[in-house]
Amino acid sequence: MINLPSSYLPKTVRSAVRFLFVGTTGAFIQTWFFMAALYLMAYPEKGTALYYVAFGIGYILEMIPNYFFSNWYTFGTKPSLKNAGGFLFARAINLVIQFGLLPLMLAWLPSWRDDLISLLVIFIGGCINYLVCLFFFKNDKPKKDIS
């Protein structure tokens with residue numbers, strides 16, 4: 001395996017790779033909380049209101065650490081009101097995308113496991129979320145180069 005430090009990558013690619021790492025970690029955190037909530041709710045039927053509540057619990061609990069990791073690691077910025085507002089705006093878009101995709105994936109892939117559907121929905125929403133976040137975080141003064 002080749003060890004390629006992210007500092008050798010162009011800055012735009014570096015933030016994308018770091019976003020992918022933070023997003024992947026966040027996807028697993030969100031899915032874990034989603035599955036835990038499903039378990040605590042005695043596994044409601046797919047597509048019911050409780051199923052969406054469980055998905056929302058995972059979404060909210062993952063959002064908090066994601067904001068700080070996105071600032072410090074992905075974009076090398078400090079938390080601020082501007083990027084917090086931008087992050088919340090991007091997450092609102094992401095929430096609409098994820099909650100819009102969830103019923104579609106449940107209908108198209110009814111035999112898939114809950115965790116795999118969750119990860120697919122999060123991945124698609126995350127790709128769009130990166131582009132929105134990039135707009136709000138790119139103009140901040142860098143905290144430091146964390147290469």
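How many helices and strands does the protein have? The protein has four helices and zero strands. Here a helix is a DSSP run of H or I with at least four residues, a strand is a run of E with at least two, and both are numbered from the N terminus. Along the sequence the pattern reads α-α-α-α.

The model is predicted, so local features need pLDDT of at least 70 and side-chain atom pairs count only at pLDDT 80 or more, while totals for chains, interfaces and linings use all residues. Residues are numbered from 1 along each chain as its sequence is written, and side-chain values use heavy atoms, with hydrogens and water left out.

Start with the whole chain. The protein has 147 residues, and 39% of them are buried. Buried means under 20% relative accessible area, exposed means over 50%, and partly exposed lies in between (1.4 Å probe, protein chains only). Now take the contacts, meaning heavy atoms within 4.5 Å. Among contacts between residues at least 6 apart in sequence, 73% join residues at least 24 apart.

Next, look at one pair of helices. α2 and α3 pack at an angle of about 145°, and their axes are 11 Å apart. The axes are lines fitted to C-alpha atoms over the stretch in contact, and angles run from 0 to 180 degrees between N-to-C directions. The contact of α2 with α3 holds 15 nonpolar, seven polar and two charged residues. Nonpolar covers Ala, Val, Leu, Ile, Met, Phe, Trp, Tyr, Cys and Pro; charged covers Asp, Glu, Lys and Arg; the others, Gly among them, are polar.

Zoom in on F55, which lies in helix α2. Is F55 buried or exposed? F55 is buried, because its relative accessible area is 0%. Beyond its neighbours within four places in sequence, F55 is in contact with Q30, F34, Q98, F99, L102, S118, V121 and I122. F55 and Q98 are 43 residues apart in sequence, and their C-alpha atoms are 9.4 Å apart in space.

Finally, find the largest pocket. About 420 Å³ of space lies in it. A pocket is an open set of points on a 1 Å grid where a 1.4 Å probe fits, with protein on both sides within 12 Å along at least five of seven lines; lining residues have an atom within 4 Å of a point. Of its 23 lining residues, F19, G23, T24, I122 and G126 are the closest to the centre. α1 gives the largest share of the lining, ten residues. The lining divides into eleven nonpolar, ten polar and two charged residues.

Note on methods
Points joined across faces, edges and corners; volume = space filled by probe spheres on them.
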